[in-house]
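Here is a friendly walk through one model, with its rings, a helix and its cavities as the topics. Have your viewer ready.

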Amino acid sequence: MVIPIYSLLSWFALKLALGPPFVVAFLIYKWRRRDQSGCEEVEDFLQNHSNLTPIKYSYSDIKKMTKGFKHKLGEGGYGYVYKGKLQSKRDVAVKILGKSKKPNEQQFINEVVTIGKIRHINVVQLIGFCAERTKRALVYEYMPNGSLDKHIFSQEQGNISISYEKIYNISLGVARGIEYLHEGCDMHILHFDIKPHNILLDDDFNPKISDFGLAKSYPIDDSIVSLTVARGTMGYMAPELLYKNIGGISYKADVYSFGMLLMEMAGRRKNLNAMEYSWQTYFAKWVYDQFEEMIDLSNVTEEEKVIANKMIVIALHCIQMKPNDRPSMNEVIKMLEGESEFQDALPSQPLFTLQGMPTDHVHAGESSNLACCQSE
């Protein structure tokens, strides 16, 4: 907890004047005021959005549907996810956010205000939420096959991989979901965190985009987004999020992330080791240079080779360094469906020596998730 300088001065004054018991009481008061501030922000949001589609649950409802948080599905920096069941017997996934903090409050609001308004076959459905004092929970539809990373990286764990036909269908579903966010909503929505971990799979391996904690919406007549801090995950972040001289931040940032995702799906392995490669490795050059060695196609059919190579070529179009050189998601869908003249044409290698790019090595291990959670 960071205490402002005026609070420290007050603390010393109290210590001298009143003694230790009053100092402890003062610090507890400041701590509660900080938590109360976060609660008030969420309450203001809920009052201003009283027509929200998702159901508002009490914390006792959350405990009941998860049977006292009995079955944990996963965990992350945000908190934990548990399997639950509604009174209708429908299975759900319940995300419990960590202790109330400013970043978590903003992620909570982002999730409810964006995904709460969306109904699309390739976007996970937010069924309800809980905002009770400092308790925060989000209730989603349950996805039996978990996240995509568990399937495309399964060879690393000694498991059987899904077929290239399924991988291709998943990639097309993800592309359609992103295109809906960019063009099908009343407001444009940029996800900013497209990656295998955030793609969930239902019983039939239909993909659904999840985790809108970093998402940002903006009016349709705007094309460039203003951000104060980069947001996203190392290895999937578009370069313009970090280097202003490359171009403005727009929906093309999600296109870049999708390209990196597509490359991993085609290769059935992670495109880089975050602890071994330099900062520049996170961009397109490494992928372009490794095109011939990217995929081990020794155990696949000729038809699967065609699918894999097609996905790689499309991915290379998506991860061009400059935003203007990347296709829109609508164009990506046409390439995946074979309705574009560019789906088989390897793009030219982009320019990588850009003025203002750092030459020192920065590793993802230092900050694996550059998430900006400020309201803007």
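How many aromatic pairs does a search of the whole structure find? The search finds 4, where rings of Phe, Tyr and Trp (its six-membered ring) pair if their centres lie within 6.5 Å, with planes under 30 degrees apart counted as stacked, over 60 as edge-to-face and the rest as tilted.

## Ground rules

This is a predicted model, in which local features need pLDDT of at least 70 and side-chain atom pairs count only at pLDDT 80 or more, while totals for chains, interfaces and linings use all residues. Residues are numbered from 1 along each chain as its sequence is written, and side-chain values use heavy atoms, leaving out hydrogens and water.

## Aromatic pairs

Take Tyr80 and Tyr82: their ring centres are 6.3 Å apart and the planes meet at 45°, so this pair is tilted. Tyr80 is partly exposed at 36% relative accessible area, whereas Tyr82 is buried at 13%; buried means under 20%, exposed over 50% and partly exposed in between, using a 1.4 Å probe and protein chains only. Both tyrosines belong to a cluster that ring pairs build from Tyr59, Phe69, Tyr80 and Tyr82.

Phe108 and Phe129 form an edge-to-face pair, with 6.1 Å from centre to centre and 75° between the planes. This pair links distant parts of the chain, as Phe108 sits in helix H4 (residues 102-115) and Phe129 in strand S5 (residues 126-132), 21 residues apart. Helices (H or I, at least four residues) and strands (E, at least two) are DSSP runs, numbered from the N terminus. Phe108 and Phe129 are both buried. Arg136 lies over the face of Phe108, 5.8 Å from the ring centre; the criterion is NZ of Lys or CZ of Arg within 6 Å of the ring centre and within 35 degrees of the ring normal.

## Helix H7

Helix H7 (residues 252-267) has 16 residues, which at 1.5 Å a residue should span 22 Å, and its end C-alpha atoms are 23 Å apart, which agrees. The expected span is 1.5 Å times one less than the number of residues. In H7, 16 of 16 residues are buried. Just after H7, Arg268 takes a positive phi of about 55°.

## Cavities

The whole structure holds 2 cavities of 30 Å³ or more. On a 1 Å grid over the protein atoms alone, a cavity is a set of points where a 1.4 Å probe fits but cannot get out, and lining residues have an atom within 4 Å of a point. The largest cavity has about 50 Å³ of space. Its lining has 13 residues, with Phe192, Asp193, Tyr236, Met237 and Ser257 nearest its centre.

Terms used. 1 Å grid on protein atoms, 1.4 Å probe; cavity = no way out; pocket = protein on both sides within 12 Å on 5 of 7 lines; lining within 4 Å. Points joined across faces, edges and corners; volume = space filled by probe spheres on them.
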